[in-house]
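Q: Can we go through this one together? I'd like to start with the aromatic rings and then look at the helices.

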Amino acid sequence: LICPPPSVLVGRLLKTIAMGQALSMLICGTAVSCQYLAEAGVETPMLQSFLNYVLLLLTYTASLSFRKGDGNILQILKTKWWRYLLMGLTDVEANYTVVKAYQFTTLTSIQLLDCFVIPVLMVLSWFFLKTRYRLVHFVAVAVCLLGVGAMVGADLLAGRDQGSTSDVLLGDGLVLVSAALYAVSNVCQEYTVKNLSRGEFLGMMGLFGTLISGIQLAILETSAVAAIKWNWKIIVLFAAYAFCMYALYSFMPLVVKMTSATAVNLSLLTADLFSLFCGIFLFYFFSGLYIVSFVVITVGFVMFNAVPTYTPVPESSDSAGEEDDGKGETCSKREQKGAKEEGTETSNRRAVTYVTEEHSTKM
């Protein structure tokens, strides 16, 4: 097999780090816009999610409608509609439960318990995606979680607002449910973008996400939406949130395809730090532990991606019409095919040479 040279692997690692931090900054954008919306008295998490799914519907779902053959939206719905319905339901409820948790528990609890998504992801990836981890990957995860611990400690030292404590047990339970749902959603996303296509995943997510969040919006938030006092600031905040979420959903499958859902979630641990850096003027005290936390999480992320995991090469990636970059200890199908053809050509040349030499000897 022909595997990429070290320079290519280093370049891919640097690209992965940059793309992972770009995702964190997009999440930071959603957090900052949510914070200002909450300060303005707007508490409509389902409406905000609904806007994102509508944007996905208008772009990716619409593009599926113009495809021909098996990639057409009608063909996809005939065979896999129930799968994408479950995926859409999981994603919508994961977004809703984590936002709802802020009403009942503290920010510290949410930051710590939200990390539950990583071990759940690793277990699901092991069983369903056949991903195999090495010792260094577990050490890297532990390092990242230590970074999260440093960040929580810095929050406590800085006296950062810890949110509500009206029902901590309920809030903590919602965070754990959200983490489990995110893990399921991310594993489904990784399988889909690596075995089918990014466009199909986003198109179906836009369709079913719009349907499910629209129904839930009508049931739960009709009065809250009617109570919004619309002005240019509220409109800009809604637009900023929708743009960041749309970019996050569009961009994240690319990073997942290059690495894995677990690696992406490790990189997203720095999102809270970016949110802090953006709103640092709101705090009276800044702890050096924030910088230590950022460095530790980044080191853990680099460790996780520096040593590849093993994942079987997807069988249907070529038919999806997207280039397969390969991952882990495996090489791409294109490289395997090239190696096989090269080996066949070499064998043929040797056979011809042998026959020629034998003929010359007889002469």
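Predicted model: local features only at pLDDT ≥ 70, side-chain atom pairs only at ≥ 80, totals over all residues.

Q: How many aromatic pairs does a search of the whole structure find?
A: The search finds 4 aromatic pairs. One of them is Tyr53 with Tyr249, whose ring centres are 6.0 Å apart.

Q: How are the planes of Tyr53 and Tyr249 set, and what is the pair called?
A: The planes of Tyr53 and Tyr249 are at 80 degrees, so the pair is edge-to-face. The cut-off for that label is over 60 degrees.

Q: Where do Tyr53 and Tyr249 lie?
A: Tyr53 is in helix 2, residues 45–65, and Tyr249 is in helix 10, residues 232–258. The pair therefore ties together parts that are 196 residues apart in sequence.

Q: Is Tyr53 buried or exposed? And Tyr249, buried or exposed?
A: Tyr53 has 0% relative accessibility and counts as buried. Tyr249 has a relative accessible area of 12%, and Tyr249 is buried as well. Buried means under 20% here.

Q: What about Tyr60 and Tyr246?
A: Tyr60 and Tyr246 form an aromatic pair too, with 6.1 Å from centre to centre and 35 degrees between the planes. That pair is tilted. Tyr60 lies in helix 2 and Tyr246 in helix 10, so parts 186 residues apart in sequence are tied together. Tyr60 counts as buried, at 13% relative accessibility.

Q: OK, the helices themselves. At what angle do helix 2 and helix 10 pack?
A: The angle is about 55 degrees, and the axes of helix 2 and helix 10 are 9 Å apart. The two helices are therefore oblique to each other.

Q: Which hand is the crossing of helix 2 and helix 10, left or right?
A: Helix 2 passes helix 10 in a right-handed crossing.

Q: Which residues make the contact?
A: From helix 2, they include Leu47, Leu51, Tyr53, Leu55, Leu56 and Tyr60. From helix 10, they include Phe238, Tyr241, Met245, Tyr246 and Tyr249. The tyrosines of both pairs above, Tyr53 with Tyr249 and Tyr60 with Tyr246, are among the contact residues.

Q: Different topic. Where is His137 found?
A: His137 is in helix 6, residues 135–158. His137 is buried, with a relative accessible area of 0%.

Q: What does His137 touch?
A: Leaving out residues up to four places away in sequence, His137 touches Phe304, Val307, Pro308 and Thr309.

Q: Last one: what lies over the face of Trp126?
A: Arg132 does, at 4.2 Å from the ring centre.

Notes: Residues numbered from 1 in each chain as written. Heavy atoms only, no water. Helix = DSSP H or I, 4+ residues; strand = E, 2+ residues; numbered from the N terminus. Buried < 20%, exposed > 50% of the residue type's maximum accessible area, 1.4 Å probe, protein only. Contact = heavy atoms within 4.5 Å. Phe/Tyr/Trp six-rings, centres within 6.5 Å; stacked < 30°, edge-to-face > 60°. Lys NZ or Arg CZ within 6 Å of the ring centre and 35° of its normal. Axes fitted to C-alpha atoms, helices over the stretch in contact; angles between N-to-C directions. Parallel < 35°, antiparallel > 145°, perpendicular 65-115°, else oblique. Left-handed = near helix turned anticlockwise from the far one by under 90°.
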